[in-house]
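Hello,

Here is the structure we talked about. Please open it first, then read my notes below.

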Amino acid sequence: MMLQAAPNPLMKVENLVVEYSVGGKTIHAVSDVSLEIARGETLGLVGESGCGKSTLGRAVLQLRQAVSGKVLFDGHDLTTLKGEPLRKMRRRVQLIFQDPIASLNPRRRIGDIVAEPLVIAGVKDPEERKRRVSEVLSAVGLDPALVSGRLPHEFSGGQCQRICIARSLVLNPEFVICDEPVSALDVSIRAQILNLLEEMKARYGLTLLFIAHDLAVVKAVSDRVAVMYLGRLCEVGPSEQLFARPAHPYTALLIEAIPVPDPDVRPTQSVPVGEPPSPIAPPSGCRFRTRCPRADARCSSEVPELRLVASGQFAACHHPLV
Amino acid sequence: MSGALLSVENAVVDLPTPRGNLRAVDHVDLEVGAGKTLGIVGESGCGKTMLSRAILQLLPKKAKLSGRVMFDGQDLTRLSAEKLRKLRGRSLAVVFQDPMTSLNPVLTIGTQLIETIVEHLELDLAQARQRSVELLAAVGIPAPEQRLTQYPHQLSGGMRQRVAIAVALSCEPQLLIADEPTTALDVTIQAQILDLLAREQQRRHMAMIIITHDLGVVAGRTDEVAVMYAGRVVERAPTPALFKQMRMPYTEALLAALPKLDVPPHTPLPAISGRPPDPTRPLKGCSFSPRCRYSAGRCSTEKPRLSPAETLEHLYACFHPIAAGGGA
Amino acid sequence: MATLELSLEEEAGATPVRRRRLGTLFWIAIGWMVLVFAVAIFADLLPLPSPTDMDMLERRAPISVEHWLGTDGLGRDELSRLIFGARISLIVGLCAPMIGVTIGGALGMLAGYFRGRFEAFVVGGMDVLLAFPPLILALAVTAYLGQSIFNLTCILGVLGIPAFMRVARAATLSLARREFVIAAQALGATHTRILLRELLPNVMLPLLAFFLLGVAVTIVVEGSLSFLGLGVPPPISSWGSMIGEGRESLDVAPRLAFIPAIGMFLTVLSFNLIGDTMRALTDPRQGAL
């Protein structure tokens, strides 16, 4: 597939398939997804809940077993790694979660929580650990002396997310997966955290996979955006271009559905497009066809491949908008 | 505003907590006219949900409410429990954020709808059943006949919210309170649900209060907007006037902090620094002053009152309002 | 850069509030426990007559300066028997749940964390153990291995394993799905480390609270078994055996049955009270908004 982002991508996902069973039924969470993320790039991954975007993020980290496909991180296939080599590799890839409070152990002090990655990585010297912890805590805008001895429940959601970000940075990772990092936060706090992520990205030279359901949030931080629907990628492209000229009808629908804070923009009466089908029995052919205004017979019989529709922009649609 | 269907006058809600008294709602005045839509916007903990509970007289037991809640000529704070119960089913309806918690998981959708209708409208079972089918069809549920026998967990989140709206609409209420009706839903479903609410509101000529944290939700769909911060209404205006000229720095900052689609990626967002004050430790001055970039002088020592701007409908509580066409 | 101010005084109010909530009853319970433990531990040092010395001339003697609580049907000093009996009741009452909490807690955490076949095996095994009539088990063991404090403790300990396993498994199940555990996995932490550092501190408090309730239940069960003659072998006294012996003279000297019963009642009540209070404090987020 022609999804070349750069000659030497840091992360390369090839034909990844993740399925798991719930109550005896197979959920097709991720079906044949391929992606590349260049060094220093932020790739946004959007989609509605249940579309498999979080599963994809976790499968990249091998927290979910892939059925088939490859996850190449800096040339190493993570799906074939086990035990110590995998643990070593994981230290270069970090994860930030949606619920910042739940991702901190309620019975451990902030100082210990942030130092934990260092302990696991085998940094024996307590002074060295303390120095690194102080450094990252200050970097995320917290006073190390004030917060280190406290428990997570003494902090607000925004502060907990700062702590989570600090923990993910303490090992100097190259790649950070942010799984809905701001959707649990209030608007005024959300902007702080988004700005902080951008700052940290520049300061630590990170590559980000930014998973979210909010297109505006994704656009604010991403160089390229991938749109996912029911386990498949619909569209991938540079973010400005994708939002200005969406090629996939689903992308267009998503953009149209965002409420605009301007009373002059009367909300267009949305097309009655129904709801996403179940990932247990996804529709044949194009998975979006049941809600797509442009669907025809070909869409139900043939799975559309991601094709180049404009420079750098790929869409998996038989009837693209551009 | 005369002839308002609902008017909240000087409402104060105090909640005792282990850490001291928490003033969830602090001297709030609001009105909603028949057939009008009011949007209440605020971040979590600003008291918007407590205010809606106060209107419905569904506050937690230990909470204390003072002030008046006038609905259709009667003071709800003085009504007997029995009268309130009748009123809540019939004239006052509510849709909550999470439909899974507002629908009873062990009863079928049909039972829940039909029971409500039989109890409040005194129809017989067959008529109530007929009405339920019509309602489900009206809220856009395909195959409504079959849905009656299904349980809430068999439906998707969006469908459940539609059912919750159908239950709320079942007795033709005069006022519908929608408390974060779309926060738990996906963006494509959110648009559909908001359209549905607007359509039914117009068709039935009911008054509606939409409570949300998202300025985008209220912008195109309300007549008036009240912005809450730390238990108080800090700005209140007809929707077009508010978005044309925000006077309260908090409202402006809230809007500015939203990521926008027409801005190129990696543009730093104008964030509001700090976080809302601890509601158990009220500030002496304006609650927003520690985070406000215009804060000066008496902002930290004196509470600004909600007072009118040039037009009587546009109220704000600020000593240094944003002047027309620029900063303070 | 967004700034952040952490108000220190905000948390200042939290600690005294928590202490006040413990209540007077809790402290009375603690006081009683301290007294019982103190006399049980220092029983040998106290100026007490031997609990096994019989004095056939002073059978069922009333309360006097010599015998503070009188004597029993064989003329043994009641107070002394009560205090030495507390020893047995407490030893059995503490050691048996200890077995339960160690084995049951470990099995429960492993089952809740690893799930799959191991969990099915453990849960199935516990169901078998629960279905087995406990009295028959006690009878069978004492018949084969003889009546001793050690055997009694082991029986009661094994019987407690399923309950502790369930508490530990339930707590682990809900915790293992939380993001902080996934975060530790993502960091490359080993299973042992996740179990010990992330899960154990969180499972510990519910287990500890349940342990105290387990102590209370065990003291009662030990009493019942001793009452039935399956407990400690005579002439050693335990509260249960004292009640059992007192039964014969209920009409003549009811205090012989009632005094150990009251002792047991107060101790069990104290354990329950302390256990309940501990459980109420289990959630570290209590009091936080």
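Start at Val234(B). Setting aside neighbours within four places in sequence, Val234(B) is in contact with Val227(B), Met228(B), Tyr229(B), Met248(B), Tyr250(B), Phe288(B), Tyr316(B) and Ala317(B). Keep in mind that this is a predicted model.

Val234(B) also belongs to the largest nonpolar core, which has 257 residues. Four members touch the most other members: Val114(A), Phe210(A), Val227(B) and Val234(B). The element that gives the most to this core is helix α9 of chain C (residues 191-227), with 16 residues. In chain B, both domain 1 (6-91 + 171-316) and domain 2 (102-170) give residues to this core, so it lies between them. As background, nonpolar side chains in soluble globular proteins tend to be buried together.

Next, the contact between chains A and B. Chain B puts in 39 residues and chain A puts in 42 residues. On the side of chain B that touches chain A, the elements giving two or more residues are α7 (157-169), α8 (187-204), α9 (215-219), α10 (239-244) and α11 (249-256) of chain B. Of these, α8(B) gives the most, with seven residues. By class, that side of chain B has 21 nonpolar, 11 polar and seven charged residues.

Chain A also meets chain C. Here 31 residues of chain A are in contact with 23 residues of chain C. On the chain A side, the elements giving two or more residues are α2 (83-90), β6 (93-96), α3 (110-121), α5 (144-147) and α7 (187-204) of chain A. That side divides into 14 nonpolar, eight polar and nine charged residues.

Leu208(A) is in strand β8, residues 207-212. Is Leu208(A) buried or exposed? Leu208(A) counts as buried, because it has 24 C-beta neighbours inside 10 Å and the cut-off for buried is 20 or more. Not counting residues up to four places away in sequence, Leu208(A) touches Thr42(A), Val176(A), Cys178(A) and Lys201(A). Take Cys178(A) as one of these. Cys178(A) and Leu208(A) are 30 residues apart in sequence, and their C-alpha atoms are 7.2 Å apart in space.

Best wishes

Terms used: Residues are numbered from 1 along each chain as its sequence is written. Chains are lettered from A and ligands numbered from 1 in the order in which they are written. This is a predicted model: local features need pLDDT of at least 70, side-chain atom pairs count only at pLDDT 80 or more; totals for chains, interfaces and linings use all residues. Helices (H or I, at least four residues) and strands (E, at least two) are DSSP runs, numbered from the N terminus. A residue is buried if 20 or more other C-beta atoms lie within 10 Å of its own, exposed if 12 or fewer, and partly exposed in between; C-beta atoms are placed from the backbone. Two residues are in contact if their C-beta atoms, placed from the backbone, lie within 7 Å. Ala, Val, Leu, Ile, Met, Phe, Trp, Tyr, Cys and Pro count as nonpolar, Asp, Glu, Lys and Arg as charged, and the others, Gly among them, as polar. A nonpolar core is a set of buried Ala, Val, Leu, Ile, Met, Phe, Trp, Tyr and Cys residues joined through C-beta atoms within 7 Å. Domain bounds come from an automatic or database domain assignment.
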